[in-house]
Amino acid sequence: MVRKRNLLFYLVQNRPFLLMILPAVLFFILFSYLPMAGIIVAFKNFRFDRGIFGSDWNGINNFRFLFLSGQIWNIFKNTFFYNVAFIVTGTVIQVGVAVLLSELSSKFMSRFSQSLMFLPYFISWVIVGAFFYNLFNFDYGLVNAVLKALGLDPVDVYSSPGMWKYILVFFNNWKWIGYGSVLYLGAILSIDEEMYEAADIDGANVFQKIFRITLPNIVPTVIIMVLLQVGNVFRGDFGMFYQLVGNNGNLYDATDIIDTYVFRALSQMGDIPMSSAAACVQSVMCFLTISVVNGIVRKFSKENALY
Amino acid sequence: MKAIRLDKLALNIVAYAVIAIVALLCVIPFIMVLAGSFTSENAVMTNGYGLWPSVFSVESYRAILTDPTSLLKAYGVTLLITITGTVAGLFLTAMTAYVLYRKEFRYRNKFAFFFYFTTLFNGGLVAYYLIMLKYYHMKDSLLALIVPLLLSPYYILIMRNFLNAVPDAIPESAKVDGASEFTIFTRLCLPLMKPALASIGMFIALGYWNDWYQAALFIDDQNKFPLQYMLYKMITNIEFLSYAAGNNGIPTVELPHETVKLAMTVVSIGPVVLVYPFVQKYFVKGLTVGAVKG
């Protein structure tokens, strides 16, 4: 009895706050928590007329078909290795560019080049897809125009699956280089100047200053950024893969990721069982990696953990 | 003494060279598309694309601008969702962040985790798609383009971190003077939050402007295509090209296909590239605010 009155009392006392936060709470219930509950569709024999919650259960049959179809291993492998490649190359390149930017003696050059590098961040993957077409189109693309002018054979990227790992890694880096390097540059600029002055007095050269002062000082920022990406190692950048690769069956072995697979199964084949099982496995894998990685980080340095 | 100068010089040469190359790589595709859109179709057919129009022509722009109805519609949809979505989303983000910032609010940490948890776990595309379609009836509804992108837990938490720098005494004293929480938020805190509102607002607006994914999932009605999705349809679908170019009567063969695609690309990048030098500083601010904690 007493507890009930307490709760009511607090609710009334916090009424203005609760009212103000209500729209956001409703939003997350409708667009995040209900879809979480909807994950049960993976365990159901979905019928459109009965809906997610009304359809009959069918146990793990959807998963059995997914695993028996054999595609799942390849799309999981692709998703994982592409993401690892993006994280490793992205971090190295962005930190490298940030360090070089901080060393430029001309402020104008630094500002100007930051602006140019930031440009790709502002455009959608659709536009990057148009750029891609412009570069690699077999008949008119710039790359082939150059190759032909040099007397070399033109390349048809759409029939060469092997090239795609380089293409996708390149474009991923191209899109994010400005964002990442400006972020890391911000971290570098907030390093205490006195450290560099002290190093100067001790006779350190520029490389020693970079490796002993700059890099160690931005490690916390790097950890947070990597952590955010590692948590999504089983979630691909759908926009990039879909807009660059398109619906090209020749390339699926080399480029299909969970997200493109699920989207295709859902939107083109209407294959609800298969796609819901794949999406469910993906969500669970993502949650597990986030929990594990966060747990490891918490163990070593609590303040760098996500939660 | 000499050694120090030498290594500094060496590093500077490397730095200038690398940065110049990287920056060039970032703009070259833009130049290429712009040049291609001003090249005559025949020149493209024989020589392929280049970095400079080999035979200058505005044919492609004429093709899309003779009957710009579909283009204007797509612009209209994009503008509508960007403006309403950004205003509403920004207001809700700020109001939610304000509540989470007020230490008087008993359940602030519980709610903060309630929002944050959605970034850790989600129901996946299928559940989202089915719920949106079957229970919210979002097929071909403009709401499907606006509502799902209104709030992001990251932006709420970034905004709250920004507010945390505001001393508690400010809302407390207004409270003593009899102001309601909502008044304190709109009159006192919103003006203080201007820098954060500008940077988060930019992020939200860019998200809306560049969105094509929601349209790919839910919109079949060509009159409701946002700009990016229309461009996507046009690049991948030759029949859609004549629709987008407005030349419904003209056989598709006569359209300058290749260059029209590029002209459409230019037209849909245009506004973003034109404003980006001015808004970039807000993005950088948002980045630094965001990087303070996760």
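Mentor: Helices (H or I, at least four residues) and strands (E, at least two) are DSSP runs, numbered from the N terminus. The model is predicted, so local features need pLDDT of at least 70 and side-chain atom pairs pLDDT 80 or more, whereas totals for chains, interfaces and linings use all residues. Residues are numbered from 1 along each chain as written, chains are lettered from A in the order written, and side-chain values use heavy atoms, without hydrogens and water.

The model scores ipTM 0.90 and pTM 0.91.

At the interface, 93 residues of chain A are in contact (heavy atoms within 4.5 Å) with 99 residues of chain B. About 9,100 Å² is buried between the two chains, and carbon and sulfur atoms give 79% of that area; buried area is the accessible area (1.4 Å probe) that two parts lose on being put together, summed over both. Between chain A and chain B there are zero salt bridges, meaning a side-chain nitrogen of Lys or Arg within 4 Å of a carboxyl oxygen of Asp or Glu. Helix α2 (residues 15-37) of chain A gives the most to the side that touches chain B, with 18 residues. By class, that side of chain A has 70 nonpolar, 19 polar and four charged residues; Ala, Val, Leu, Ile, Met, Phe, Trp, Tyr, Cys and Pro count as nonpolar, Asp, Glu, Lys and Arg as charged, and the others, Gly among them, as polar.

Turning to the annotated spans, an unreviewed UniProt entry places transmembrane regions in chain A, among them residues 116-136 and 166-189; such annotations may be inferred rather than shown by experiment. Residues 116-136 of chain A are 90% helix and 0% strand, with end C-alpha atoms 22 Å apart. Residues 166-189 of chain A are 100% helix and 0% strand, and their end C-alpha atoms lie 32 Å apart. For chain B, the transmembrane regions in the unreviewed UniProt entry include residues 75-101 and 184-209. In chain B, residues 75-101 are 100% helix and 0% strand, with end C-alpha atoms 38 Å apart.
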